[in-house]
Structures are given as structure tokens and as C-alpha cells.
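Trainee: Could you pick one part of this model and go through it closely with me? I'd like to take it slowly.

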Amino acid sequence: MNSSGHDHAAKGLLLLVALLTAARNSISLFMLLITSMGYGVTRTSLGPVMLKVRMLTVAHFIFGVLYVLAFSRPWSFKLTWVIIEGTRSALYRSHSSELD
């Protein structure tokens, strides 16, 4: 907050940091996933799996931004936590049903 009582710059910087942090983590996840699946080492293409990896990376980015922003606002923490936990549970349930 500056001397006139406005904190617009701080909010802008918080959003910038949230976006950059989420992007860095999502890109790291993307590279880890495609490398662990053998892309570029043993396979020249991942085929339809690459689309799923991209969708997971985008979802990871979105929830990463929500996660950072939730901890900056006390009122939004509970709502964001419910969304994140609900989505994570749904993804685990759908993945475990594919394994059966």
C-alpha cells in the first residue's frame, strides 16, 4: 500500500508473480511428463497422448494461478480449495476407473 492508501500496484505485481509461477511450474510438469513417456529419446511422437498431456498442463496452469491467488485473499481461500479438491478428486476417480 502506498502513502495515499491504494494498493493497485501490489495487486498487479501479485497477479504477475502468480502467472509467472504457474507458468514455470506448468512448463516443468509438461517437460517432465513428455520426457518420462519417452518423447525425443525412444519415440518421435506421443500421438494422442500428447493432447492429454497438453490438457493436463493447461489445467495445472489454471489451478496454479487459482492456488496462488487463493492464499492472497482470505475470503476466496475456501471457495478455491473446494474447486481444486473437487477437480482433483474427479480426475483421480476417472483415472482409477480407466485402470480397472
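**A close look at one helix pair**

Mentor: Let's take helix 1 and helix 2, which pack at an angle of about 150 degrees, with their axes 8 Å apart. Keep in mind that this is a predicted model, where local features need pLDDT of at least 70 and side-chain atom pairs count only at pLDDT 80 or more, while totals for chains, interfaces and linings use all residues. Residues are numbered from 1 along each chain as its sequence is written, and side-chain values use heavy atoms, leaving out hydrogens and water.

First, the setting. The chain has 3 helices and 0 strands (helices are DSSP runs of H or I with at least four residues, strands are E runs of at least two, both numbered from the N terminus). Along the sequence that reads α-α-α. Of the 100 residues, 16% count as buried, meaning under 20% relative accessible area, with exposed being over 50% and partly exposed in between (1.4 Å probe, protein chains only).

Back to our pair. An axis here is a line fitted to C-alpha atoms over the stretch in contact, and the angle between N-to-C directions runs from 0 to 180 degrees. Helix 1 and helix 2 are therefore roughly antiparallel (over 145 degrees; under 35 is roughly parallel, 65 to 115 roughly perpendicular and the rest oblique).

Who meets whom? On helix 1, the residues in contact include L14, A18, A22, S26, F30 and L33, and on helix 2 they include M50, V53, T57, H60, F61 and V65. Contact means heavy atoms within 4.5 Å. The residues of this contact divide into 17 nonpolar, 5 polar and 1 charged (Ala, Val, Leu, Ile, Met, Phe, Trp, Tyr, Cys and Pro are nonpolar, Asp, Glu, Lys and Arg charged, the others, Gly among them, polar).

Now zoom in on A18 in helix 1. A18 is buried because its relative accessible area is 0%. Leaving out residues up to four places away in sequence, A18 touches V65, V68 and L69.

S26 is also in helix 1, and its 3% relative accessible area makes S26 buried too. With neighbours within four places set aside, S26 contacts T57, H60 and F61.

Finally, L33 contacts V53 and L56, its neighbours within four places aside. L33 also belongs to the largest nonpolar core, 5 residues in all, with I34, L46, M50 and V53. Helix 1 (8-36) and helix 2 each supply at least two residues of this core. Such a core is a set of buried Ala, Val, Leu, Ile, Met, Phe, Trp, Tyr and Cys residues joined through side-chain atoms within 4.5 Å.
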